[in-house]
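This briefing goes through the structure shown below by topic, from the arrangement of the chains down to single residues. Please read it alongside the sequence and the coordinates.

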Amino acid sequence: MPERGPADPPLVEARGLHTFYGPSHVLHGVDFSLRRGETIALMGRNGMGKTTLLRSLLGLTPPRSGEVFIDGRNMTGAPPHAIARQGIAFVPEGRGIFVTLSVREHLVMAARPGRDGRRDWTLERVLATFPRLAERLDRGGALLSGGEQQMLTISRALMTNPDLLILDEATEGLAPLIAKEIWAILRQVRAGGTAVLIVDKNVAALAAVADRAVVLVKGRVAFAGGTAELMAQPEMVHRHLGV
Amino acid sequence: MTRRFRLGPWLLALAALALLAFPAVAGKFYQQLFSTIMIMAIFAMSLNLLVGGAGLVSLGHAAFFGLGAYALLLLSPAYAAASLWLSLPAAVALAAAAALAIGLLVLRSSGVYFIMATLAFAQMFFYYVTGAKWLGGSDGAYIYVKPDAALFGLTPFRLADTRDFYYVTLALMAATYLLLHVLRYAPFGRVLRGIRANEQRMRALGFATFRYKLAGFVIAGALAGLAGYLDAAQFGFVNPDLFGWRQSGIVLMMVILGGMNALPGPILGAFALVLLQDFLADATRHWLLPMGLFIILAVLALPQGLSGLALRLGAFARGEARGA
Amino acid sequence: MDTGLVFFLIQVLNGVQLGLLLFLVASGLTLIFGIMGIINLAHGSFYMLGAYLAFSLAELCGSFWLSLLIAVPLTVLIGLALEAALFRLLYTRDHLYQVLLTYGLILVFEELRSLIFGDDVHGVAVPGFLEASIPLTDTLSYPVYRLFMSAVCLAIAGGLALLIRRTRLGMTIRAGAVNREMVQSLGIDIGLVYRFVFALGVALAAFAGMIAAPVASVFPGMGNQILIVSFVVVVIGGIGSIKGAFLGALLIGLADTFGQVYAPAIAGMTVYVLMAAVLLWRPAGLFGRAGS
């Protein structure tokens with residue numbers, strides 16, 4: 001992997017985010033930064049603001065105040081499709097499958113080269129990485145199992161050749177065997193130089209794959225630092241994550 | 001402790017007084033016009049039980065209006081008067097029965113499918129009546145003598161008298177309003193509103209939502225039949241257009257324009273549309289143009305319809321910040 | 001050939017032709033409603049606009065084809081202007097306000113038409129080389145123009161199907177109907193997609209009005225008439241389904257034509273009885289999804 005010095009701007013940087021969900025004040029002045037190629041685990045109990053933070057970064061739930069920079073550019077308030085075009089792909093909780101499209105159509109529709117023009121993830125490579133999908137290419141999105149849907153959502157995101165892959169509860173409700181496959185695929189994605197921002201309940205698996213961790217408590221950052229550093233404080237892990 | 005000042009009840013009281021006093025200051029033409037408006041208000045309020053009350057948008061509500069009107073035709077002897085006390089309940093009952101039958105069929109659909117299913121049945125009535133010579137066909141038919149209000153030898157009022165008819169209509173409109181008010185705040189009305197918000201959830205909570213919707217549909221149909229009866233009684237003339245999609249459309253517009261979330265909303269809508277039409281039609285042959293523009297502007301400017309204005313005025317009077 | 005049989009055949013052809021024409025209008029309606037979630041009662045007004053533009057432009061420049069070429073883009077521009085100025089403000093509001101607003105629009109369009117074009121009924125001449133009729137028996141013949149109409153509508157139907165089923169744009173449109181947010185998250189500007197769908201719908205309606213003009217004349221109220229029937233088609237077919245709109249349109253076209261000819265007493269009713277019957281069998285239309 002090429003050396004990245006501290007002089008490069010972070011891929012994603014957010015400062016002082018205050019985001020509301022209707023009348024409810026969910027994020028209280030959250031700062032966040034992620035560098036190219038990094039894998040960050042976003043952790044916290046339910047309702048602490050993890051999904052809201054992701055949505056604020058993606059422009060789906062714009063913050064009421066604060067700023068979002070993508071690759072040095074101020075993208076605060078930009079529409080979601082413009083932010084996505086900066087090289088960010090989203091694998092949402094609930095998967096966001098298009099029930100009226102087939103597996104093939106999901107992948108074809110999403111396909112585009114990355115920001116630097118490269119096409120690391122082509123249809124061939126995606127199908128080779130996800131053989132289960134290759135077997136079900138013409139099946140409708142609604143007819144897939146939970147695990148297959150998750151694979152489809154991830155592979156659809158990869159077809160956009162992103163610089164950053166964001167996953168929200170990607171292993172929720174899946175059989176342990178399938179979850180293992182997904183962690184393996186994420187390691188592959190990491191190895192290719194793509195940054196990953198991941199929310200998940202499996203603290204152990206997160207710790208194994210993430211360089212850094214951010215813990216949210218009641219919409220505020222309670223911890224931001226190396227994963228190893230976090231795991232070395234079991235009382236903190238227990239208090240904020242309940243494990 | 002100061003009670004919150006609510007503008008609504010005061011405006012209502014004012015309006016009621018104004019309507020009561022109206023015949024004292026207005027000539028026959030305007031008394032008749034206001035009677036027509038109040039009949040449409042009853043019609044519109046009945047529709048709003050479905051639209052605002054249960055989230056059921058019907059584009060075929062004129063079916064019941066027409067039935068009430070034609071019921072009077074059928075129950076009126078050729079050149080004598082029908083008894084008001086017999087024919088009115090009969091007309092309402094007929095409309096209610098039809099609503100029961102139709103409701104059982106159309107309430108299986110939801111959303112736009114429901115809307116179109118209701119339209120379909122109204123159109124079936126329309127085309128049947130148009131082709132039915134015995135009902136007068138597309139030319140319509142006349143009711144030569146207005147219903148007789150005689151009871152036990154006493155005649156408390158005469159419908160042929162413009163002022164008497166006005167007060168009878170006003171009384172029935174008030175009664176309709178009260179009935180709907182009671183229903184709205186009763187458990188029945190709350191269940192209906194719950195169905196409007198999220199029917200799945202109401203079912204999950206154990207409510208037999210179909211029955212509630214059907215009950216609402218029947219009550220709405222009955223009240224629409226009442227309005228249709230009065231319409232026929234006022235003008236002594238019925239024709240198939242009473243069943244038509246234009247009639248269903250106009251009353252729906254009154255409901256939306258007036259505001260679906262307030263009980264007086266449909267009344268406001270009826271007054272606004274009919275008075276506006278009356279005023280504009282005198283001004284220009286192409287009065288539909290300013291009418292259409294008014295409707296467009298009203299939609300853009302008033303998120304809650306005309307009754308929303310009253311809500312905003314109330315908030316303003318209380319000195320509250322804008323942004324309901 | 002037996003005259004009775006030929007007569008029946010002619011009705012079938014007429015029914016199919018009416019159905020195909022209805023499909024053009026209904027497909028636009030179902031796309032706009034199914035994908036953008038907009039109920040546009042003024043859709044029939046675009047049909048009327050197309051017809052009146054065809055009529056007046058044809059008088060001006062003498063060529064039916066030229067007027068077609070100018071009038072369709074013109075109507076699309078008007079439609080896009082309306083979308084930007086009015087419809088966009090209604091995306092977040094209750095559907096009923098769209099109904100009310102577009103109802104107001106119908107009134108405005110009708111009166112503008114009355115002011116600009118007058119209230120007369122106008123005929124539009126069938127373009128030159130299509131004036132012929134194919135003789136079928138001694139007394140019966142079938143106009144070539146009607147066959148031409150059917151052919152054109154069929155071609156457009158095929159093109160639409162290809163667009164929706166086979167192209168990336170079609171996939172995007174179908175995806176946008178189901179999950180707008182997810183499409184945006186994939187980097188696609190859904191607003192642009194919506195505008196395209198709207199423009200397409202308007203173009204289809206206007207084009208239909210134009211090619212129908214030589215057969216159906218140009219008259220006040222033509223917009224409302226076709227609007228109601230188009231809604232019936234959309235509902236029968238299922239909202240958002242092109243396939244459903246196609247089937248529904250053919251069903252209605254045939255039912256209405258045969259109703260008018262063989263049972264004129266109940267002719268007006270057939271369409272609605274058919275719709276009620278379909279909804280009883282399939283409460284969300286033939287290909288619709290319940291809970292739309």
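Chain A and chain B do not touch, and their nearest C-alpha atoms lie 13 Å apart. The model is a predicted one, and of the two pairs of chains in contact in it, chains B and C share the most contacts.

**Interface between chains B and C**

- On the two sides of this interface, 35 residues of chain C are in contact with 32 residues of chain B.
- Three helices of chain C, namely α4 (95-117), α9 (222-237) and α11 (267-281), each supply at least two residues of the side that touches chain B, and the largest share of that side, 14 residues, comes from α4(C).
- Sorted by class, the side of chain C that touches chain B consists of 27 nonpolar, six polar and two charged residues.

**Nonpolar core**

- The largest nonpolar core has 271 residues, and those that touch the most other members are B:A95 and B:M116 from chain B together with C:A51, C:A54, C:L100, C:A206 and C:M275 from chain C.
- Helix α8 (residues 190-216) of chain C provides the largest share of this core, with 16 residues.
- Leaving aside residues up to four places away in sequence, C:M275 touches B:M116 and B:A120 in chain B as well as C:V232, C:V235 and C:I236 in chain C.

**Helix α11 of chain C**

- With 15 residues, α11(C) reaches 22 Å from its first C-alpha to its last, which is close to the 21 Å expected at 1.5 Å a residue.
- Its buried residues are C:M269, C:T270, C:V271, C:Y272, C:L274, C:M275, C:A276, C:V278 and C:L279.
- The cover over the buried residues of α11(C) includes α5 (111-131) of chain B, along with α9 and α10 (242-262) of chain C.

**Glycine C:G15**

- C:G15 is found in helix α1 (residues 3-36) of chain C, and this residue counts as buried because 22 other C-beta atoms lie within 10 Å, where 20 or more are required.
- Not counting residues up to four places away in sequence, C:G15 touches C:G253, C:L254, C:T257 and C:F258.
- C:G15 and C:F109 stand 94 residues apart along the chain, and their C-alpha atoms are separated by 29 Å.

**Overall form of chain B**

- Chain B has 12 helices and two strands, which follow one another from the N terminus in the order α-α-α-α-α-β-α-α-α-β-α-α-α-α.
- The radius of gyration of chain B is 20 Å, in agreement with the value near 20 Å that a compact globule of 324 residues would have, and the C-alpha atoms fill a box of roughly 60 × 50 × 50 Å along the principal axes.
- Of the 324 residues of chain B, 45% count as buried.
- Among the contacts in chain B between residues at least 6 apart in sequence, 76% join residues at least 24 apart.

**Sheet of chain A**

- Chain A holds an open sheet of four strands in the order β2-β1-β4-β5, with antiparallel pairing.
- At the edges stand β2 (24-34) and β5 (73-74) of chain A, and each has a single partner strand, so one side of each is left without a neighbour in the sheet.
- Strand β1 (residues 12-21) and strand β4 (residues 65-70) of chain A pair in the antiparallel sense over five bridges, and the bridge partner of A:V12 in β4(A) is A:I70.

Conventions. Residues numbered from 1 in each chain as written. Chains lettered and ligands numbered in written order. Predicted model: local features only at pLDDT ≥ 70, side-chain atom pairs only at ≥ 80, totals over all residues. Contact = placed C-beta atoms within 7 Å. Nonpolar A, V, L, I, M, F, W, Y, C, P; charged D, E, K, R; others polar. Pairing = 2+ DSSP bridges. Rg over C-alpha atoms; globule rule 2.2 N^0.38 Å. Buried ≥ 20, exposed ≤ 12 C-beta atoms within 10 Å, placed from the backbone. Core = buried A, V, L, I, M, F, W, Y, C linked by C-beta atoms within 7 Å. Expected span 1.5 Å × (residues − 1).
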